[in-house]
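Hello,

Here is the structure I promised to pass on to you. Please have a look at it first, and then read my notes below.

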Amino acid sequence: MKKAIYPGSFDPLTFGHLDIIERSSKIVDELVIGVLNNSAKNSLFSLDERVSMIKEMTKDLPNVTVGSFDGLLVDYMREIGATIIIRGLRAVTDFEYELQIAQSNHVQDPSIETIFLTTNLQYSYLSSTIVKEFASYKGDISKFVPAQFIDRIYEKYEKR
Ligand code: PNS
């Protein structure tokens with residue numbers, strides 16, 4: 001039984017994340033999307049909002065669940081019994097940082113392996129930061145995030 005985690009901030013979830021979730025859910029038995037509760041980070045959406053947005057978009061994927069964690073990823077993985085980390089690689093620029101995290105997590109717990117999926121070319125430029133930058137100027141984000149998120153994202157900037 002291969003249980004994997006796809007960890008991240010998901011602030012907000014993008015089409016790029018969804019692509020990685022759909023593809024990785026086909027290669028592992030169970031996939032947990034682990035939403036980081038990073039209180040130091042000034043996130044646009046609260047932890048509960050991020051978790052429920054991801055649940056909404058993954059409800060039809062039978063082997064996918066959504067959880068949240070703070071502290072170390074390796075500790076959360078032990079708690080839920082996951083041994084595989086899924087991360088998406090968009091470009092070479094992601095690689096150095098991702099390699100460092102993968103290797104340090106493996107040193108912390110040698111039973112943990114990281115699997116990298118190369119991002120679909122269609123989304124290779126996309127990040128939550130890009131979504132927020134365009135949304136903050138009321139730009140078009142319809143190619144970046146699911147349609148039902150668009151107004152929720154704009155509303156966050158109207159309230160600021
Ligand atoms: O969406 P992000 O911000 O690229 O995700 C980064 C994440 C959540 C994978 C990483 O920051 C993480 O695992 N944080 C938890 C703390 C931890 O385990 N740190 C050691 C490895 S960096």
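Pro 12 is found in the loop between S1 and H1 (helices, H or I of at least four residues, and strands, E of at least two, are DSSP runs numbered from the N terminus). The peptide bond that joins Asp 11 to Pro 12 is cis, with omega near 0°. Phe 10 also has its place in the loop between S1 and H1, and Phe 10 has a positive phi of about 50° although it is not a glycine.

Before you go further, please note that this is a predicted model, in which local features need pLDDT of at least 70, side-chain atom pairs count only at pLDDT 80 or more, and totals for chains, interfaces and linings use all residues. Residues are numbered from 1 along each chain as its sequence is written, and side-chain values use heavy atoms, with hydrogens and water left out.

**The pocket**

The largest pocket has a volume of about 1000 Å³. On a 1 Å grid over the protein atoms alone, a pocket is an open set of points where a 1.4 Å probe fits, with protein on both sides within 12 Å along at least five of seven lines; lining residues have an atom within 4 Å of a point. The volume is the space filled by probe spheres set on the points, which are joined across faces, edges and corners.

Its lining comprises 41 residues, with Pro 7, Gly 8, Ser 9, Arg 87 and Glu 98 nearest the centre. H4 gives the largest share of that lining, eight residues.

**The ligand**

The ligand sits in the largest pocket (more than half of its atoms lie within 2 Å of the pocket's grid points). Among the residues around the ligand are Leu 36, Lys 41, Phe 69 and Ile 101, counted as near if a heavy atom lies within 4 Å.

Polar contacts here are pairs of N or O atoms within 3.5 Å:

- Ser 9: an N or O atom of the side chain is 2.9 Å from a ligand oxygen.
- Leu 73: a polar backbone atom is 2.8 Å from a ligand oxygen.
- Arg 87: a polar side-chain atom is 3.1 Å from a ligand oxygen.

Best wishes

Methods
A polar contact is a pair of N or O atoms within 3.5 Å; within protein, one must be able to donate a hydrogen and the other to accept it, and residues adjacent in sequence count only if both atoms are side-chain atoms.
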